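Here is a short briefing on selected strands and helices. Please look through the sequence and structure first.

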Amino acid sequence: MHSKTFKIQISGRVQGVGFRPFIFNLAKRNNLVGSVSNNANGVVVYINSSKEKATLFLNQILKEKPEVSIITVHSIEEFENIEYTNFTIIPSKSNVQINIPLTPDFAICNNCKAEIKDSSNRRFNYAFTTCVHCGPRYAITTKFPFERVNTALSNFEMCSDCNDEYTTSENKRFHSQTNSCSVCGISLKLVDTFGKPIEEDQQEIIQKVAQYISEGKIIAIKNTNGYLLCCDAANSKAIQNLRDRKLRPNKPFAVLYPTIEAIKTDFDITKNEETSLQSRVAPIVILQNSKNTKINTKVIAPNLSQTGVMLPSSSLLELIMQELKKPITATSGNIHGSPIISDEKEAQEQLMNVADYFVHHDLKIEFPQDDSVVKFIKEKQVILRRSRGLAPNYLELETQNTEPILAMGAHLKSSFTFVPNQHIYVSQNFGNLDNYKVLQRYEQTIQQYENLFNSKPLTILVDKHPQYQSTILGKELSQENNTKLIEVQHHKAHFASVLGEHNLYESEEKILGVVWDGTGLGDDNNIWGGEFFIYQDQKIIRSNHFEYFNWISNDKMAKEPRLSLFSLLNDETRHLIKDKFSETEWKVYSKTLKSNTLKTSSVGRLFDAVASALDIIDVNSYEAEAAMLLENCAMSYTNHDYVDLLEVKNYDTIPSELLIQIVTKAYKLDGTSKTYIAASFIYTLAKLIVNEALKNSIKTITCSGGVFQNSVLVSFLSDISKQEKINLKFNRKLSPNDENISFGQLMYFNNIIN
């Protein structure tokens with residue numbers, strides 16, 4: 001019987017993951033003839049076959065697909081007849097409108113790890129060993145589709161051995177776009193702080209790096225996503241040197257371990273934490289210190305009982321760690337507050353007073369990214385920083401927008417969301433846009449996305465705060481390109497992000513949105529941050545909030561927890577904290593308080609106030625330090641006799657000042673244990689949330705905002721909600737902090753009726 005031609009279209013994360021060679025080999029196994037190629041929507045397959053055999057083939061594809069691929073849509077249809085004589089991989093056309101996800105970077109796979117350790121293998125000790133299942137993707141992309149010519153590797157011509165691998169269907173590197181080896185590939189060089197060459201022999205470089213780190217030196221290592229600053233995690237002097245030179249007095253450093261077994265020796269980890277550490281994202285995972293933790297945690301993460309830990313994400317790091325065989329601190333290669341550096345010249349200039357030695361390589365990084373950071377609360381993953389391995393796709397949702405949209409996001413944990421086609425691209429975290437270099441990187445990446453997708457936005461969404469750099473830039477871009485400009489209130493965007501993540505817009509029930517963070521301009525021009533919203537019928541209504549208190553000294557208030565406490569105490573109790581200020585400061589702030597008109601409902605500042613009231617910290621050295629230390633204090637309380645400090649009642653507005661008075665009096669006057677008060681304060685907040693739901697007869701609560709990165713709060717809230725049979729939803733695919741604002745702006749624009 002004469003066979004027909006069938007067209008199979010596969011969409012999702014299917015480029016840069018070995019999908020075409022997988023299809024090729026599967027077709028050969030099934031004795032099928034036809035072709036496979038990348039197209040604007042993913043991967044398209046044509047085969048000569050019967051309907052039954054074609055359907056069976058599609059089912060095999062879905063069942064056996066490459067490990068790192070994600071299929072979101074698939075279809076099969078009979079096509080006009082084409083007579084094929086064999087099965088071929090067709091090179092991609094690059095002049096089409098692209099409608100596919102970008103492929104994120106993948107951590108080194110176990111096969112490549114084995115190869116670089118095997119002295120009989122041609123990739124023994126080659127620091128840029130990759131295959132179709134691992135290696136940089138997003139970091140080196142210049143345009144679509146993901147072909148070698150459209151990556152930073154286009155400058156490296158494959159040698160005959162690599163080309164044989166690339167063209168041999170049985171080889172694991174068949175059609176591997178990042179294929180290279182020590183003969184034709186990327187080269188390392190080791191230089192001193194002035195850029196003077198020390199070593200160019202690749203194996204010697206690895207050995208010398210291990211030697212220098214063991215001697216207490218600080219090394220800047222160019223990984224495939226940007227530079228890392230590394231030193232011995234057991235050497236307190238080296239770590240302190242890194243702190244001093246990087247101008248980072250207390251903010252925690254991450255620690256890179258050689259193996260999962262080494263991590264298990266130092267930490268008691270859960271199955272989920274172990275899986276995450278060994279995943280293709282290879283994120284930094286926040287782990288609880290144990291009595292076996294041997295690294296110098298007091299200098300690595302001062303005053304905290306948790307450490308951020310990761311495994312090597314690349315062949316380069318794998319080789320260094322196998323040579324060293326001990327953990328090292330590994331923090332972003334930058335001056336504190338600036339974006340991660342990926343350029344050799346910039347690294348030498350900016351880090352010459354930080355690093356003793358530099359390891360450079362000659363692969364250009366198009367999209368520099370920090371390492372992603374996650375932690376687990378009640379066995380559920382919470383993303384703290386969404387970057388390498390996670391950015392930039394949002395695969396769980398296709399948008400029906402008919403025109404390109406750019407959502408500019410927030411100011412501190414900045415990200416943008418771009419919709420040039422049916423897919424949603426949420427960028428990596430850039431950081432604080434007050435820093436000029438961060439703003440430059442943010443602006444440059446928007447431009448790169450426009451070029452990558454050959455698309456300019458016709459609608460730009462911005463935060464309502466007129467002084468956010470993201471808003472200022474959004475307005476400039478809107479004027480330049482004559483686009484629509486729409487403002488979305490900060491906390492409503494947070495709420496909209498969770499509703500979007502959990503597909504709750506079609507819900508017929510009322511949903512409570514709890515959005516707690518440090519700052520954000522409200523609709524009444526006050527600083528919001530302790531908000532309760534109700535969503536129903538495509539509308540968001542602010543139903544309650546924490547009682548307003550004075551916002552004084554602008555940005556200084558977010559940096560000095562003592563100011564939040566000063567603002568929240570009344571005349572009867574304020575004298576209890578006079579020793580936290582000089583006489584001059586006391587007079588100035590007292591005067592400011594009397595004339596102040598700007599108010600806030602910020603729960604982030606409440607956490608600051610409690611941290612100061614308990615004499616934990618009065619002035620932050622990094623963002624959210626007070627909140628992290630208070631969380632740490634509450635976690636160390638092991639009894640279960642914490643109480644609801646407010647004995648929750650149906651407050652019209654939640655009494656911020658009363659809560660702080662209770663905390664301060666209990667600690668200063670009654671001498672109650674600070675760990676007990678910290679736990680009780682957070683327990684009270686959890687009770688307030690559930691009470692608000694019960695008061696409004698609501699069975700689903702969604703939570704967003706930086707405050708919901710707090711493990712203790714989320715744990716209490718989960719337990720109480722369970723008792724009351726209330727559904728609880730958090731940001732899971734995105735971070736609860738301001739990284740989700742750009743996505744929330746898009747969700748608000750698409751789903752909410754003003």
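Strand 8 and strand 14 (residues 357-361) pair in the parallel sense over 3 bridges. Here two strands pair if DSSP finds at least two bridges between them. The model is predicted: local features need pLDDT of at least 70, side-chain atom pairs count only at pLDDT 80 or more, and totals for chains, interfaces and linings use all residues. Residues are numbered from 1 along each chain as its sequence is written, and side-chain values use heavy atoms, with hydrogens and water left out.

- Helices (H or I, at least four residues) and strands (E, at least two) are DSSP runs, numbered from the N terminus.
- Strand 9 (residues 226-232) pairs with strand 8 in the antiparallel sense, over 5 bridges.
- A hairpin of 2 residues joins strand 8 to strand 9.
- Ile221 has Leu228 as its bridge partner in strand 9.
- Strand 8 (residues 219-223) is mostly covered, with 5 of its 5 residues buried (under 20% relative accessible area; exposed is over 50%, partly exposed in between; 1.4 Å probe, protein chains only).
- Ile219, Ile221 and Asn223 point one way from strand 8, while Ala220 and Lys222 point the other way.
- In a regular strand the side chains alternate between the two faces of the sheet.

- An open sheet of 6 strands runs in the order 17-20-19-18-21-22, with mixed pairing.
- Its edge strands are strand 17 (393-394) and strand 22 (484-488), each pairing on one side only.
- Strand 21 (residues 459-463) pairs with strand 22 in the parallel sense over 5 bridges.
- Val462 has Glu487 as its bridge partner in strand 22.
- Helix 12 (residues 436-453) packs on the sheet and touches strand 18 (405-407), strand 19 (417-419) and strand 20 (424-426); contact means heavy atoms within 4.5 Å.
- The direction of helix 12 makes about 20° with that of strand 19. Axes are lines fitted to C-alpha atoms, for helices over the stretch in contact, and angles run from 0 to 180 degrees between N-to-C directions.

**Helices 16 and 17**

- Helix 16 (residues 561-568) and helix 17 (residues 583-595) pack at about 55°, with axes 11 Å apart.
- The two helices are therefore oblique to each other. Angles under 35 degrees count as roughly parallel, over 145 as roughly antiparallel, 65 to 115 as roughly perpendicular and the rest as oblique.
- Helix 16 contributes Arg562, Leu563, Phe566 and Ser567 to the contact. Helix 17 contributes Glu585, Trp586, Tyr589, Ser590 and Leu593.
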